[in-house]
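This report describes the contacts, the nonpolar core and the disulfide of one model. Please consult the sequence and the structure below while reading.

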Amino acid sequence: QVQLVESGGGLVQPGGSLRLSCAVSESIWGFYTMGWYRQAPGKEREMVAVFSGMGIPTHVDSVKGRFTISRDHAKKTMYLQMNSLKIEDTGVYYCYVNRPPGYWGQGMQVTVSS
């Protein structure tokens, strides 16, 4: 059974940190584009940070210098370290693996609020 199991979301104050994890089924782990997306209330889902199929990381401009995507091939797990969180980072965060037909995690809430 294919699974992407996310963890690490929650409530944090502005300026705080969270680390998101996404455990990926072995059957879909590999050299595919994979990464993190988010959807803020009333907005479309957007890419936050991804690895290309060649393993090159890309971060959206709004999170550069604050967020870092990483992964552990042995554990088949992706991470998103989020530092200096801002209120506008609030949203539902999803991990994604672009092995056809494409697989999404269940989504988890990240709320940045004082």
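## Contacts of M82

In this predicted model, M82 touches G16, S17, L18, L20, R66, F67, Y93 and V110, with residues up to four places away in sequence left out of the list. Contact here means heavy atoms within 4.5 Å.

## Basis of the values

The model is predicted: local features need pLDDT of at least 70 and side-chain atom pairs count only at pLDDT 80 or more, whereas totals for chains, interfaces and linings use all residues. Residues are numbered from 1 along each chain as its sequence is written, and side-chain values use heavy atoms, with hydrogens and water left out.

## Nonpolar core

M82 also belongs to the largest nonpolar core, a set of 26 residues in which W36, L80 and M82 touch the most other members. Such a core consists of buried Ala, Val, Leu, Ile, Met, Phe, Trp, Tyr and Cys residues joined through side-chain atoms within 4.5 Å. Two or more residues each come from β3 (18-24), β4 (34-39), β5 (46-51), β7 (67-72), β8 (77-82), β9 (91-97) and β11 (108-112). Strand β3 gives the most, with 4 residues. Strands (E, at least two residues) are DSSP runs numbered from the N terminus.

## Disulfide

The structure holds 1 disulfide, a term for a pair of cysteine sulfur atoms within 2.5 Å. C22 and C95 form this link, with their sulfur atoms 2.1 Å apart. The link is right-handed, with 60° about the S-S bond. Because C22 lies in strand β3 and C95 in strand β9, the pair ties together parts that are 73 residues apart in sequence.

C22 counts as buried, at 0% relative accessibility, and C95 likewise counts as buried at 0%. Buried means under 20% relative accessible area (1.4 Å probe, protein chains only).

Note on methods: Buried means under 20% relative accessible area, exposed over 50%, partly exposed in between (1.4 Å probe, protein chains only).
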